[in-house]
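Dear colleague,

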Amino acid sequence: MEIQHIVSGFSPKLSSSAPSIPIGKQLFSLKFPSLFSSSSYPSIQSQNFEVPSISIGKKDEFYSSRRRRVRCSSSSSNTVADRNKGNEVARRKKLAVFVSGGGSNFKSIHEASKRGSLHGDVVVLVTNKTECGGAEYARSHSIPVIVFPKPKAESDGLSPHDLVATLRRFEVDFILLAGYLKLIPAELIRAYERSIFNIHPSLLPAFGGKGCYGMKVHKAVIASGARFSGPTIHFVDEHYDTGRILAQRVVPVLANDTAEELAARVLREEHQLYVEVAEALCEDRIVWRKDGVPLIQSKENPNETY
Amino acid sequence: MEIQHIVSGFSAKLSSAPSIPIGKQLFSLKFPSLLSSSYPSIQSQNFEVPSGAFYPISIEKKDRFYSSRRRVRCRSSSNTADPNKENEVRAQVAGRRKKLAVFVSGGGSNFKSIHEASKRGSLHGDVVVLVTNKSECGGAEYARNHGIPVIVFPKAKAESDGLSPNDLVATLRRFEVDFILLAGYLKLIPVELTRAYERSIFNIHPSLLPAFGGKGYYGMKVHKAVIASGARFSGPTIHFVDEHYDTGRILAQRVVPVLANDTAEELAARVLREEHQLYVEVAEALCEDRIVWRKDGVPLIQSKANPNETY
């Protein structure tokens, strides 16, 4: 399998976008995503998790189609002068986060942004519950809060079009739903095609859909006898939990788990996974397989996808 | 939490193990090994496989659990100098070998695994009859080569004679079948059979149910659907059989990764390796009466090494 790279000329005057590199046939080696969080497990007893990594030769099916913006490393050395001349590093992305509840995923993402591992910033929080934990946290950290939708009793409030216009004014690149319980209006989905993501606390397509949220999911998992569960991050379309899956992690369901214990175990994975996905988004590391399944390009090795 | 064991007297003449009511017990939990030993053989790789590795977690028991199946292996406390006597006692304690019926429609690789385990002695049971709707399928050929009677059910529509569901039940009863294992059987089990063998019929499905299950989801179609969805994990599920496709309570699962460049065939092969191990493990548990029920009706497997562990 040949590696065909066509690197177009890199002009230092280009401001915000990296040069496009069409990715033709490439050798993909595959990283096996770590199944379990590295931190401690049900913290009842210490344990020993081994995470395997796999290298596998590529098949002809893959290319990155739509997102051509890939980081290009200039062949010249990375001097300060170079940096001043050209924006080797793309601009920081602007994120909108939608929450209805405590906002623990939002906090994770915000912390990653603050400490620098996330190449983006949460510029606005949207919530349907103005007093929720996520909204309080946003206000404490000077992130503007938008309430949408307003409760039915109130006659004024943002229409879906208003919301779209507002997000556009904030120059939002990506919308991350992190425990937002309202259905996203079609206007928003059309305006932000392939830029809206959701996290769901089960291995979709199992235990998803209307009515499947929060603790109800974990209760259903336990009642079914399923031995595994875990978070799923997926693109958002007009229905609940049906968009293409972008990332998952797996946790065991133990014989004597309560819903709360399982929820806590899944939540730990959610935090890590959403930060990992957000980092990939902000670094333009989402690629598409021919059949439409989105993949994440590894940071260490751009030839690896998972 | 106290351990309350009431051990009734052990009589050497009893053929069944004495009953030990399991009251409040400390359960420690075994984390089932996730991955099989060797992996996609395309390139050498670096797999750390927690094969057979246990991650015992001691968790105090909640009040919800009890075993409805009271037959638990009991060790005699006396030190006998006579090994023969010990074996006799052990054989009685383990119970008679179970009789299994296996239903297949295709190649029968799970059937072969189970049969091999029976032959080598790790399975305390025997496949006494094979049922198939395809008289020439791989599973049926293998059965005939190994002296296992083959029943065709249901017969093809063109043929007027054939076993009715009640006939099938009667036949299985004559064979004294204890458990029915569906291993790639594509016909719906008739309700007469599910009523006659309540909680004794098991099926294996090549996805993590409830995902990618139900009518029409079989064989390669399952793996294609998994890949198309973008799911990053899959794996076999063994579940009890009720009157619908793939809806009975889940008894066991294993998980495998779905890789970014998997074909359906590659994923199928990876899942199949897990199926073979899992079905043998479950069959062994069945033949040793190690299935217990949680209060909410979810079936659990009692660990062989440690009867206090369930998974």
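Tyr137(A) has a relative accessible area of 14% and is therefore buried (buried means under 20% relative accessible area, exposed over 50%, partly exposed in between, with a 1.4 Å probe and protein chains only). Phe106(A) is likewise buried, at 0% relative accessibility. The model is predicted: local features need pLDDT of at least 70 and side-chain atom pairs pLDDT 80 or more, while totals for chains, interfaces and linings use all residues. Residues are numbered from 1 along each chain as its sequence is written, chains are lettered from A and ligands numbered from 1 in the order in which they are written, and side-chain values use heavy atoms, without hydrogens and water.

Over all chains, the whole structure holds 10 aromatic pairs (rings of Phe, Tyr and Trp, the last by its six-membered ring, with centres within 6.5 Å; planes under 30 degrees apart are stacked, over 60 edge-to-face, the rest tilted). The ring centres of Phe106(A) and Tyr137(A) are 5.4 Å apart and the planes stand at 85°, so this pair is edge-to-face.

In chain B, Phe202(B) and Phe240(B) form a tilted pair, 4.5 Å centre to centre with 50° between the planes. Both Phe202(B) and Phe240(B) are buried.

In helix H4 (residues 160-169) of chain A, Leu163(A), Val164(A), Thr166(A) and Leu167(A) are buried. On the other side of H4(A), His161(A), Arg168(A) and Arg169(A) are exposed.

Yours sincerely

Methods. Helix = DSSP H or I, 4+ residues; strand = E, 2+ residues; numbered from the N terminus.
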